[in-house]
Amino acid sequence: MKGFDIKTEIQEFDTFAEFANEAELGTDDLIFTSERTFNEFVAPLNLGVQSLFREKYGKGEPTDAMVDAILDALREKEFDRVIAIGGGTILDIAKLVVVADKDDHVDDLYDKVDILEKRHPLIAVPTTCGTGSEVTAISVVNRVSRGVKMGLASPAMIPDKAVMVTNMLDSLPYQVFATSSIDAMIHAVESFLSPNSCSISRVFSKTALEIIVKSWDKAVKNGGGDAWKEYSADFLKASNYAGLAFGYAGCAAVHALSYPLGSVYHIPHGQSNQLMFAEVMKAYKEIKPVGAINDVEKIVAECLGVTPDSALDALYGLLDKVLSRKPLREFGAKESDLTTFALEVPKTQQRLLKNNYVPLTEEQIFEIYKKVF
Ligand SMILES: [Fe+2]
């Protein structure tokens, strides 16, 4: 049995300048980020670092074409450390950059996942409060050429350092806060319910869930909008804890069923997770009403001051206040797509489905999609 350990050194700073000073960032370092983040936090420090801006290589979540273009752009560059500053897209791409050999493309990395080696030290600086990617070994790419969004996981991709700088969340747009914190909450729940969790990973899952649910509740009661910013340090901490938990115990059906929605309709990751969350949980509860799901109900009940029986419904209601939800058909989905998804998900997402609270058949997966439709 594998033990719970934390491979990434986690550091906390009040400002990016403090981190840059301690890490002695300089000419050998490659900063991979957005131009806006670079100009706001890095450029004023005149560090002489090298830079690569992700928006020059495509929009949205990572695709094979985007990553290949970035690998091509880096082939002639000489650099040592990679400092990735951003949300899930930037951190996930950086994990591929540090394991890619001179001639590698994305498909090569999937082909040789078992023998990948880290070629550059990786420092991850998250600027959203969701992915937890700064402490996990997983990178998720939409392999458009193969029509599937899937994760690649290797111990060689785990960041060496995760640098938590609270004030980097200050300029986060509400939509990104909402989708990323929803993603983090779902990491907490899926990792808590995973049969591959352990007592230590569940401490991180539980704490993350408590922090997020209580902070959402306070932010919503304070009028929503920018009210979450008062709790930004808590959200950042919670997303990191949830990352530690799912890095060990894994995510499950919510993520597995949401991947096609991101891939086909380009729904942001956290939002597509939200669409699937309630119906997956309802299916779990129906199939196995007694078990760890009751612990989730108790945790949420205490956070929201409701009874355990009504806790999950209260959580779905709170989620909808954080980000309003609409049916899948309003994103352009056709009913015939659901059959394809239900057929493909069990074939392509076993990495996730093996962590389900209970196994789901193709028919049960189809029923879940129909309810979200
Ligand atoms: Fe996620």
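Gln274, Phe277, Ala278, Met281 and Lys282 of helix α10 meet Leu312, Leu315, Tyr316, Leu319 and Asp320 of helix α12, where contact means heavy atoms within 4.5 Å. This is a predicted model: local features need pLDDT of at least 70, side-chain atom pairs count only at pLDDT 80 or more, and totals for chains, interfaces and linings use all residues. Residues are numbered from 1 along each chain as its sequence is written, and side-chain values use heavy atoms, with hydrogens and water left out.

The axes of α10 (residues 269-287) and α12 (residues 308-322) come within 11 Å and cross at roughly 170 degrees. Axes are lines fitted to C-alpha atoms, for helices over the stretch in contact, with angles from 0 to 180 degrees between N-to-C directions. The two helices are therefore roughly antiparallel, a label for angles over 145 degrees. Helices are DSSP runs (H or I, at least four residues), as are strands (E, at least two), numbered from the N terminus.

The iron ion has the protein donors Asp183 (OD), His187 (NE2), His255 (NE2) and His269 (NE2), lying 2.2 Å from it. Donors are N, O and S atoms within 2.8 Å of the metal (3.2 Å for Na, K and Ca); water is not among the atoms, so sites may look incomplete. Along the chain the donors follow the spacing D-x3-H-x67-H-x13-H. The arrangement is irregular because the 4 donor atoms subtend angles of 86 to 168 degrees. Aspartate 183 and histidine 187 both lie in helix α6 (residues 174-193), 4 residues apart, about one turn of the helix.

Buried means under 20% relative accessible area, exposed over 50% and partly exposed in between (1.4 Å probe, protein chains only).

| Residue | Relative accessible area | Class |
|---|---|---|
| Aspartate 183 | 2% | buried |
| Histidine 187 | 2% | buried |
| Histidine 120 | 14% | buried |
| Threonine 63 | 18% | buried |

Histidine 120 sits in the loop between α5 (106-111) and β5 (122-126). Its side chain reaches the backbone oxygen of phenylalanine 79 at 3.3 Å. Not counting residues up to four places away in sequence, histidine 120 touches Phe79, Asp80, Val82, Val97 and Val98.

Threonine 63 is placed in the loop between β3 (50-53) and α3 (64-74). Leaving aside neighbours within four places in sequence, threonine 63 is in contact with Val141, Asn142 and Val144.

Note on methods
Four donors count as tetrahedral if all angles lie between 85 and 135 degrees; four count as square planar and six as octahedral if opposite donors are over 155 degrees apart and all others between 65 and 115; anything else is irregular. A polar contact is a pair of N or O atoms within 3.5 Å; within protein, one must be able to donate a hydrogen and the other to accept it, and residues adjacent in sequence count only if both atoms are side-chain atoms. Angles under 35 degrees count as roughly parallel, over 145 as roughly antiparallel, 65 to 115 as roughly perpendicular and the rest as oblique.
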